[in-house]
Amino acid sequence: MDNNKNCQDESCKIPASGNMNIALLNDIISVANLQRLRLKVFGKLGCEKCEFVKKYLQGKIEFDYYDISEVEGLTEAAVWDAIDIPAIILEKDGDAIARWSDSKK
């Protein structure tokens, strides 16, 4: 998927990555703040990488966290096509602007 499909200018050009590292998370935070985008984060209990992402983002930016082991989280993940976790989606006006996941593909 093209991470920049709905980007109105060049300010949200961040490379997709299969590795949720601190540099990538900082870039995502910067873009979300600059563009006033909402962050949706998908993970589940017992997923170490999911907990890392969740804890790293806490206090740095507001975000919605969805636990896919719960019905509400799984439903939201299905709506947003967040299959691989952890997954982060930048959302604006109901559209996914960009997305990243820790896919091993």
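What is the order of the strands in the open sheet? In this predicted model, the order is β2-β1-β3-β4, an open sheet of 4 strands with mixed pairing. The protein averages a pLDDT of 82, and 78% of the residues score at least 70. The points below cover confidence, the sheet, the nonpolar cores, the disulfide, and selected backbone and surface features.

**Confidence**

- Among the elements of the protein, the highest mean pLDDT belongs to β2, at 97, and the lowest to α1, at 88.
- Residues 1-18 have a pLDDT below 50, although this stretch has 38 contacts in the model beyond near neighbours in sequence.
- Where pLDDT is low, the predicted coordinates should not be read in detail.

**Sheet and packing helix**

- Strands of a sheet pair through backbone hydrogen bonds, in either a parallel or an antiparallel sense.
- The pairing of β3 with β4 is antiparallel and runs over 6 bridges; E91 stands opposite A96 in β4.
- Helix α3 packs on the sheet and touches β1, β2, β3 and β4. The direction of α3 makes about 120 degrees with that of β1.

**Nonpolar cores**

- In soluble globular proteins, nonpolar side chains tend to be buried together.
- The largest nonpolar core has 19 residues, of which I28, L39, L57, I61, I88, L90 and W100 touch the most other members.
- At least two residues of this core come from each of α1 (22-35), β1 (38-43), α2 (48-57), β3 (87-92) and β4 (95-101). Helix α1 gives the most, with 6 residues.
- Another core, of 12 residues, lies apart from the largest one; C47, I68, A87 and A96 are among its members.
- When neighbours within four places in sequence are left aside, L90 is in contact with I28, V31, A32, L37, R38, L39, D95, A96, I97, A98 and W100.

**Disulfide**

- The count comes to 1 disulfide, formed by C47 and C50 with their sulfur atoms 2.4 Å apart.
- The link of C47 and C50 is right-handed, with 70 degrees about the S-S bond.
- C47 and C50 are both buried, and C47 is also one of the residues in the core of 12.

**Loops and backbone geometry**

- The peptide bond from I85 to P86 is cis, with omega near -5 degrees. P86 is placed in the loop between α3 and β3.
- D81 is likewise found in the loop between α3 and β3. Its phi is near 55 degrees, a positive value in a residue other than glycine.
- D93 belongs to the loop between β3 and β4, and phi of D93 is also near 55 degrees, positive in a residue other than glycine.

**Exposed positions**

- Why does D93 count as exposed? Its relative accessibility is 71%, and the cut-off for an exposed residue is over 50%.
- A78 lies in helix α3 (residues 71-80). This residue is exposed because its relative accessible area is 61%, with the cut-off at over 50%.
- A78 and I68 are separated by 10 residues in sequence and by 9.4 Å in space, C-alpha to C-alpha. I68 is one of the residues of the core of 12.

Notes: Residues numbered from 1 in each chain as written. Predicted model: local features only at pLDDT ≥ 70, side-chain atom pairs only at ≥ 80, totals over all residues. Heavy atoms only, no water. Buried < 20%, exposed > 50% of the residue type's maximum accessible area, 1.4 Å probe, protein only. Core = buried A, V, L, I, M, F, W, Y, C linked by side-chain atoms within 4.5 Å. Contact = heavy atoms within 4.5 Å. Disulfide = S-S within 2.5 Å. Pairing = 2+ DSSP bridges. Axes fitted to C-alpha atoms, helices over the stretch in contact; angles between N-to-C directions. pLDDT = per-residue confidence, 0-100.
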